[in-house]
Amino acid sequence: MGGLRPKSGLNRMAVARRGCLPRGSILGLLGLVLATATAWDVASLYCSFSSFCECDFRPDLPGLECDLAQHLAGQHLAKALVGKSLKAFIQNPAPSKPLVLSLHGWTGTGKSYVSSLLAQYLFRGGLRSPHVHHFSPIIHFPHPSHIEQYKKELKSWVQGNLTACGRSLFLFDEVDKLPPGLMEVLQPFLGPSWVVYGTNYRKAIFIFISNTGGEQINQVALEAWRSHRDREEISLQELEPAVSRAVLDNPHCKWLLAVWQHGGTPDRCCGTLPPTPAASCAPLYPQ
């Protein structure tokens with residue numbers, strides 16, 4: 001796909017040569033390669049339109065909940081939202097839209113840790129799985145002037161990998177540093193349509209990590225402390241207006257509001273969820 005090379009198992013292929021193989025071995029190897037390629041094409045086609053293709057998706061929700069409880073201290077809202085959204089999404093055999101999670105908070109609050117745990121407990125290969133795709137603005141989108149090229153490459157990469165496996169995870173780090181307008185190319189994949197560009201994408205998972213809203217989250221936590229309230233008493237209703245406003249004011253992130261609203265009027269952060277949660281924003285506090 002040109003210059004876009006997200007960190008995934010697809011890019012870790014090593015080939016070793018130890019002399020020449022006999023002709024029979026070469027023919028046998030060629031047959032194996034052709035058979036493998038044919039099988040991959042059939043599997044990709046099957047995964048594109050079948051609701052039963054799971055690739056290496058092996059969710060372990062009890063293990064994830066246990067790990068979050070032991071190692072993610074003081075983040076009751078994030079743990080509750082992530083757990084509830086994942087459980088509802090995974091237990092639905094035919095979701096109408098992909099799962100979208102956006103994690104907000106200052107650096108060091110655990111956003112990257114949560115995303116790595118999600119990959120670890122959802123896919124057999126964890127972050128090394130060929131179906132987990134990790135994007136960084138510094139590595140993959142460093143030049144704002146190339147945004148049109150990035151849009152084409154990003155759309156092609158997402159579409160191609162969803163064609164290969166509908167159970168794919170796309171992780172976008174530091175979305176507040178992405179070139180403005182880049183992520184809008186993903187909106188067709190995040191909405192309620194059943195098929196986009198001939199690709200079945202309803203079982204995909206998109207995770208967006210952002211520092212946007214971190215200052216507002218910290219302010220709410222500080223006011224709670226001054227009022228002698230426990231951190232666990234802070235509700236989502238206290239946080240969502242401030243986080244929504246911060247996202248709306250950030251040209252790099254305001255497209256997220258439309259995602260939270262599933263194409264509706266973007267005016268709230270996490271409160272307007274469908275009965276089966278398909279989009280959630282999880283605030284994380286400073287420790």
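**Close-up views of a predicted model**

**View A. The buried residues of helix H8.** Gly 214, Ile 217, Asn 218, Val 220, Ala 221 and Ala 224 are the buried residues of H8 (buried: under 20% relative accessible area; exposed: over 50%; partly exposed in between; 1.4 Å probe, protein chains only). Seen down the helix axis, they fall within an arc of 160°, so they line one face of H8; the arc is taken over directions from the axis to the C-beta atoms. An α-helix has 3.6 residues a turn, so residues three or four places apart point the same way. Glu 215 and Arg 226 are exposed on the other side of H8. Just after H8, His 228 has a positive phi of about 60°.

The model is predicted: local features need pLDDT of at least 70, side-chain atom pairs pLDDT 80 or more, while totals for chains, interfaces and linings use all residues. Residues are numbered from 1 along each chain as its sequence is written, and side-chain values use heavy atoms, without hydrogens or water.

**View B. Phe 189 and Tyr 201, an edge-to-face pair.** Rings of Phe, Tyr and Trp (its six-membered ring) pair if their centres lie within 6.5 Å; planes under 30 degrees apart are stacked, over 60 edge-to-face, the rest tilted. Here the centres are 6.4 Å apart, with 85° between the planes. Phe 189 is buried at 0% relative accessibility. Tyr 201 is also buried, with a relative accessible area of 0%.

**View C. An aromatic cluster.** Ring pairs link Phe 135, Phe 141, Tyr 150, Phe 172 and Phe 208. The count comes to seven aromatic pairs.

Methods:
Helix = DSSP H or I, 4+ residues; strand = E, 2+ residues; numbered from the N terminus.
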